[in-house]
Amino acid sequence: MFVQLCLSLVVAYVAPPLSPHSAPGVQPNHLAPSRSLPLSMGVRLNNYMLDTPLSAAGSTVLVKLRATKEDTSKGGLVLAASLRKIRDGVVISSGKGAKHPQSGKLLPNAIEVGDHVVMEELEMEGERVTYDGTAHRILPASRVIAKLEGGVMSMQTFKPLGDRLLVKLPAPAEQTMSGILLAGLEEGQVPSQGIVLAAGPGTMNSNAEFNAMPAGVGDFVIFGKYSGADIDFEDGTKYKVVSASECLGKFSE
């Protein structure tokens with residue numbers, strides 16, 4: 001996977017690899033240049049020494065993972081179906097985007113250096129590396145779920161990306177303002193509806209414009225019980241992050 005990943009990175013090597021078979025191939029980069037935090041020269045990427053900072057290219061990001069005692073985010077996010085942890089960290093390099101294959105227009109990367117983000121921890125997406133002595137992850141920007149203003153995990157600072165929605169799940173016997181009874185949370189039940197508290201800008205089309213979101217703040221949405229990711233802001237309320245495309249229906253008051 002690391003060999004494939006180098007197709008979307010800009011690096012320079014100053015020392016030979018440990019073996020002829022372990023050297024990742026460096027190919028010309030035709031994507032937009034990257035944005036990176038300053039870093040001292042001579043840093044190590046896994047078993048390789050670099051004479052320039054590692055830079056994400058195209059629509060990828062390089063994220064320094066937040067260190068914790070258990071190497072997971074306390075509270076944080078958990079994928080509903082698999083219970084795999086979601087990680088958070090700070091973006092240290094971000095590609096500027098990639099051209100759409102049909103229109104040729106640049107689809108800009110919405111994630112910038114210095115952003116504190118939460119992302120899906122999926123082995124098939126991106127690569128976890130040791131860079132400059134600490135754990136990092138390189139992944140497509142599309143796998144980043146949200147930005148956290150000020151690096152704080154809270155409902156107020158959680159800003160969804162793409163077509164994702166932050167949904168507040170109902171408490172037992174909770175009603176809407178118009179008196180519609182929402183399904184309660186019985187023991188062992190997986191909630192599949194709730195009110196949208198925050199929404200991303202939408203997905204981007206071939207003209208580098210955002211598609212209209214089919215649901216927004218204030219809507220009540222219904223989705224599959226295994227859709228999205230559970231999130232705990234440790235405020236006693238249950239939330240979920242789902243993509244608008246996963247919603248099966250909505251209603252508004």
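Biologist: Which residues lie nearest the centre of the largest pocket?
Modeller: Happy to start there, with the reminder that this is a predicted model. The largest pocket has 21 residues in its lining. Those that lie nearest its centre are Pro108, Ala110, Ala141, Ser142 and Gly162.

Biologist: How much space lies in the largest pocket?
Modeller: Two strands, β10 (106-108) and β14, each supply at least two residues of the lining. The space in this largest pocket comes to about 530 Å³.

Biologist: Which strand pairs with β11, and in which sense?
Modeller: Strand β11 covers residues 116-120, and its partner covers residues 144-148. Three bridges join the two, and within them Met119 has Val144 as its bridge partner. The sense is antiparallel, and the partner is β14.

Biologist: Which residues of β11 are on each side, and are they buried or exposed?
Modeller: In a regular strand, side chains alternate between the two faces of the sheet. In β11, one side carries His116, Val118 and Glu120, while the other carries Val117 and Met119. Five of the five residues in this strand are covered. For both sides, then, the word is buried.

Biologist: How many salt bridges does a search of the whole structure find?
Modeller: One of them joins the side chains of Arg66 and Asp88. Another is formed by Asp115 and Lys147, and Lys240 with Asp230 makes a further one. The search of the whole structure gives a count of four.

Biologist: How far apart in sequence are the parts that Arg66 and Asp88 tie together?
Modeller: The side chains of Arg66 and Asp88 meet at 2.8 Å, N to O. Arg66 sits in the loop between β6 (60-65) and β7 (77-79), whereas Asp88 belongs to strand β8 (residues 86-95), so the pair ties together parts separated in sequence by 22 residues.

Biologist: Why does the pair of Lys240 and Asp230 tie together parts of the chain, and which strands are they in?
Modeller: Their side chains meet at 3.5 Å, N to O. Lys240 counts as buried at 1% relative accessibility, whereas Asp230 is partly exposed at 31%. The two residues are 10 apart in sequence, and the pair ties these parts together because Lys240 lies in β20 and Asp230 in β19.

Biologist: Which backbone oxygen does the side chain of Thr60 reach?
Modeller: Thr60 is placed in strand β6. Its relative accessible area is 11%, so Thr60 is buried. At 2.6 Å, its side chain reaches the backbone oxygen of Ala57.

Biologist: What is the phi of Asn46, and where is Asn46 placed?
Modeller: Asn46 is in the loop between β3 (43-45) and β4 (48-50). At 29% relative accessibility, Asn46 is partly exposed. Although Asn46 is not a glycine, its phi is positive, at about 50°.

Biologist: And what is the phi of Asp132?
Modeller: Asp132 is found in the loop between β12 (127-131) and β13 (134-140). Its relative accessible area of 41% makes Asp132 partly exposed. Asp132 is a residue other than glycine with a positive phi, near 55°.

Biologist: How far apart in space are Thr237 and Leu169, C-alpha to C-alpha?
Modeller: Thr237 lies in the loop between β19 (229-231) and β20 (239-243), and is partly exposed at 24%. In sequence, Thr237 and Leu169 are 68 residues apart. In space, C-alpha to C-alpha, the separation is 7.6 Å.

Technical notes: Residues are numbered from 1 along each chain as its sequence is written. This is a predicted model: local features need pLDDT of at least 70, side-chain atom pairs count only at pLDDT 80 or more; totals for chains, interfaces and linings use all residues. Side-chain values use heavy atoms; hydrogens and water are left out. Helices (H or I, at least four residues) and strands (E, at least two) are DSSP runs, numbered from the N terminus. Buried means under 20% relative accessible area, exposed over 50%, partly exposed in between (1.4 Å probe, protein chains only). Two strands pair if DSSP finds at least two bridges between them. On a 1 Å grid over the protein atoms alone, a cavity is a set of points where a 1.4 Å probe fits but cannot get out, and a pocket is an open set with protein on both sides within 12 Å along at least five of seven lines; lining residues have an atom within 4 Å of a point. Grid points are joined across faces, edges and corners, and a volume is the space filled by probe spheres set on the points. A polar contact is a pair of N or O atoms within 3.5 Å; within protein, one must be able to donate a hydrogen and the other to accept it, and residues adjacent in sequence count only if both atoms are side-chain atoms.
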